[in-house]
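Trainee: Could you walk me through this model, one feature at a time?
Mentor: Gladly; let us look at it together.

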Amino acid sequence: MASADSSNVGSSTQANTAPSTNSTADAQQADATPTAAGRAGDAASEGEAETKIAVSNLNFWYGDDTHALQDITMDVKANRVTALIGPSGCGKSTLIRCFNRMNELIPNTTLEGRVHVNGQNIYQADPVAVRRHIGMVFQKPNPFPKTIYKNVIWGARINGYTGDEDALVERCLRQAALWDEVKDSLHGSAYNLSGGQQQRLCIARALAVEPDILLMDEPTSALDPVATGKFEDTISELRSEYTIVVVTHSMQQASRVSDETVFLYMGRLIEMGATEQVFTRPQKERTEAYVTGRFG
Ligand SMILES: Nc1ncnc2c1ncn2[C@@H]1O[C@H](COP(=O)(O)OP(=O)(O)OP(=O)(O)O)[C@@H](O)[C@H]1O
Ligand SMILES: [Mg+2]
């Protein structure tokens, strides 16, 4: 069984590279020290965006041998779009899944380090509650086999939403830039939508539970250029209200939609900064090689 709170891997890799405390002790220590809250305060006092997700010394293993994330420390700023880029296998999906404890659903994995969201260590919180505040959109659109309307309202109902359902459905579909295309077929099957429409429906569904963070792992890899363009417009629209983290293989997409870019390579964070800087004035040679298409 996956356990992000226990340190059950005794590999030499871990002994060499992991923090000396185990994750449980680490988490307890984190609870006693207002690290993330302090950081958020620092950022605010610098006139910068508030920190939404604060990652400290994050390590992640699959089994005993695959040290997929190695000592990642980074902040995700509120109301910004942060792109995670890097070659296949560098750990982008693993990292984004650590932001809502999805990795715990994978057996035989170990996590050490800290992930704070809004100043709270999410590995000390109820995982269901954590995921409720953090929406996720996957690579392949995965609508439920239900109507468009029910897809959007489903999670909100489960959460006990008692407001005006019609109004919520319309608002979320508008936010996801899908309303005009589906307003006359709300009670038709979601499966009748195109791939791009289904992906925007998945965004609407994620928004309906009123998350404050949206995580997206290669959300446009199955879409054509027109659908991708619409999807990117949607992301830009949502930026003012949500904190968005998006994994992408497309350099063009990262530069079009994101404010901040994080470059990962072989499980390590090589560089992060304002997207414009990372793409035009990278500080590290490896980043430059990647963003200019020389490898990856
Ligand atoms: N479920 C799993 N079990 C074992 N190893 C895994 C698992 N998922 C990922 N890995 C390994 O962890 C490392 C990071 O994988 P991850 O999927 O996070 O990379 P990625 O950057 O998202 O790659 P891609 O761009 O191909 O999606 C890789 O070495 C991969 O083989
Ligand atoms: Mg991936």
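Trainee: Which residue in β7 is the bridge partner of I134?
Mentor: First, a word on what we are reading: this is a predicted model, where local features need pLDDT of at least 70, side-chain atom pairs count only at pLDDT 80 or more, and totals for chains, interfaces and linings use all residues. Residues are numbered from 1 along each chain as its sequence is written, while chains are lettered from A and ligands numbered from 1 in the order in which they are written. Now the general idea: strands of a sheet pair through backbone hydrogen bonds, either parallel or antiparallel. Here I134 has I213 in β7 as its bridge partner. Strands β6 and β7 (residues 213–217) pair in the parallel sense over four bridges. Strands (E, at least two residues) and helices (H or I, at least four) are DSSP runs numbered from the N terminus, and two strands pair if DSSP finds at least two bridges between them.

Trainee: What is the order of the strands in the open sheet?
Mentor: The six strands run β6-β7-β8-β3-β9-β10, with mixed pairing. Because β6 (134–137) and β10 (268–274) each have a single partner strand, they stand at the edges, with one side of each left without a neighbour in the sheet. On average, neighbouring strands of this sheet are turned by 15 degrees against each other, direction ignored.

Trainee: Which helix packs on the sheet, touching β6 and β7?
Mentor: That is α9 (residues 195–207), whose direction makes about 170 degrees with that of β6. Contact means C-beta atoms, placed from the backbone, within 7 Å. Axes are lines fitted to C-alpha atoms, for helices over the stretch in contact, with angles from 0 to 180 degrees between N-to-C directions.

Trainee: Which element gives the largest share of the shell around ligand 1?
Mentor: Helix α4 does, with three residues. A residue belongs to the surroundings if its C-beta atom, placed from the backbone, lies within 6 Å of the molecule. Among the residues around ligand 1 are Y62, G91, K92, S93 and T94. The elements giving two or more residues are β2 (66–77) and α4 (92–98).

Trainee: Why does Q283 count as exposed?
Mentor: Burial is read from the number of other C-beta atoms, placed from the backbone, within 10 Å of a residue's own: 20 or more is buried, 12 or fewer exposed, and in between partly exposed. Q283 counts as exposed because it has 12 C-beta neighbours inside 10 Å. Q283 lies in the loop between α12 (275–280) and α13 (285–291).

Note on methods:
Two residues are in contact if their C-beta atoms, placed from the backbone, lie within 7 Å.
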